[in-house]
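Biologist: I have a structure to go through before our meeting. Could you show it and take me through it?

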Amino acid sequence: MTADRIEEYLETILSLSNNGELSVKNKDIADELGVSQAAVSEMVQKLTEEGVVDHQPYHGVRLTNVGLLQAKKLKRKHHVIEKFLSDVLEIDPEVSHNEACGLEHAVSDIVVESMCRFMGSNNIDCNPVDEDECCLFKENYVALSDLKEGDSGTVVMMTLPDSSKERLTCLGLIAGESVDVKRKQKQGSTSILTRGTEIALGNEIARKIFVRLGARKRYPRGSGRN
């Protein structure tokens with residue numbers, strides 16, 4: 001049972017179940033995927049063991065909370081990739097849709113998030129197509145400018161010009177490095193600590209640096225905050 005096959009079933013069940021609200025019959029899954037009902041029954045049993053679906057005889061299959069989250073993340077991935085191919089690369093919409101069906105299983109979350117951020121920076125609407133759709137970018141990472149004093153995290157990516165990235169790299173701020181927010185200035189700049197070095201970042205820079213949140217730290221007033 002490959003990960004791609006599991007994802008294909010989860011997406012199909014999500015689509016047929018009205019975003020997880022209804023149970024789905026094995027026959028409907030078989031018809032949608034073009035496989036036998038026996039093949040669906042075997043896969044449903046495996047998905048049940050994985051904890052991503054709940055199967056009730058004579059009632060059908062429903063996504064569990066875990067399965068629903070996975071399926072919605074896949075839906076979001078497909079949406080972002082298809083939008084990027086059609087609106088940025090100007091590939092035919094039908095071709096973009098078909099390509100996204102394959103790429104959604106291979107492209108990592110961080111690539112999808114980079115696509116999302118690139119489109120947002122170029123005024124291309126990449127909002128979820130419905131209210132229930134998961135946005136990986138919003139769910140996992142936040143802009144450094146949005147952190148508060150005492151917050152800490154790990155740098156995930158920087159959507160900055162190469163010249164700005166090089167300057168920050170020389171100061172020790174790189175993807176994978178931990179950062180602590182020491183103070184927020186009234187004018188909007190953020191003072192961070194990384195590798196023992198304190199760096200002041202303007203808001204325009206800080207909002208293009210994205211981090212995965214970590215533990216909150218406390219800095220005593222007057223301690224290293226001159």
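Predicted model: local features only at pLDDT ≥ 70, side-chain atom pairs only at ≥ 80, totals over all residues.

Biologist: How many helices and strands does the protein have?

Modeller: The secondary structure comes to nine helices and eight strands.

Biologist: And what share of the contacts with a separation of 6 or more comes from residues 24 or more positions apart?

Modeller: Such residues account for 64% of those contacts in the protein.

Biologist: Let us turn to helix packing. At what angle do α1 and α3 pack?

Modeller: Helix α1, residues 3–16, packs against helix α3, residues 37–50, at an angle of about 100 degrees, and their axes are 11 Å apart. Angles of 65 to 115 degrees count as roughly perpendicular, and α1 and α3 are therefore roughly perpendicular to each other.

Biologist: Which residues meet there?

Modeller: From α1, Arg-5, Ile-6 and Tyr-9 meet Ala-39, Val-40, Met-43 and Leu-47 of α3. The residues of this contact divide into six nonpolar, no polar and one charged.

Biologist: Changing topic, how many aromatic pairs are there?

Modeller: The count comes to one aromatic pair. The rings of Phe-84 and Phe-118 have centres 6.1 Å apart and planes at 65 degrees, so the pair is edge-to-face.

Biologist: Why is the pair called edge-to-face?

Modeller: Planes over 60 degrees apart count as edge-to-face, and the planes of Phe-84 and Phe-118 are at 65 degrees, so the pair is given that name.

Biologist: Where in the chain do the two residues lie?

Modeller: Phe-84 is in helix α4, residues 65–88, and Phe-118 is in helix α6, residues 109–121. The two are 34 residues apart, and the pair links distant parts of the chain.

Biologist: Is Phe-84 buried or exposed?

Modeller: Phe-84 counts as buried, at 16% relative accessibility.

Biologist: What is the reach of α4 from its first C-alpha to its last?

Modeller: α4 has 24 residues and reaches 34 Å, close to the 34 Å expected at 1.5 Å a residue. Just after α4, Glu-90 takes a positive phi of about 55 degrees.

Methods: Residues numbered from 1 in each chain as written. Heavy atoms only, no water. Axes fitted to C-alpha atoms, helices over the stretch in contact; angles between N-to-C directions. Helix = DSSP H or I, 4+ residues; strand = E, 2+ residues; numbered from the N terminus. Parallel < 35°, antiparallel > 145°, perpendicular 65-115°, else oblique. Contact = heavy atoms within 4.5 Å. Nonpolar A, V, L, I, M, F, W, Y, C, P; charged D, E, K, R; others polar. Phe/Tyr/Trp six-rings, centres within 6.5 Å; stacked < 30°, edge-to-face > 60°. Buried < 20%, exposed > 50% of the residue type's maximum accessible area, 1.4 Å probe, protein only. Expected span 1.5 Å × (residues − 1).
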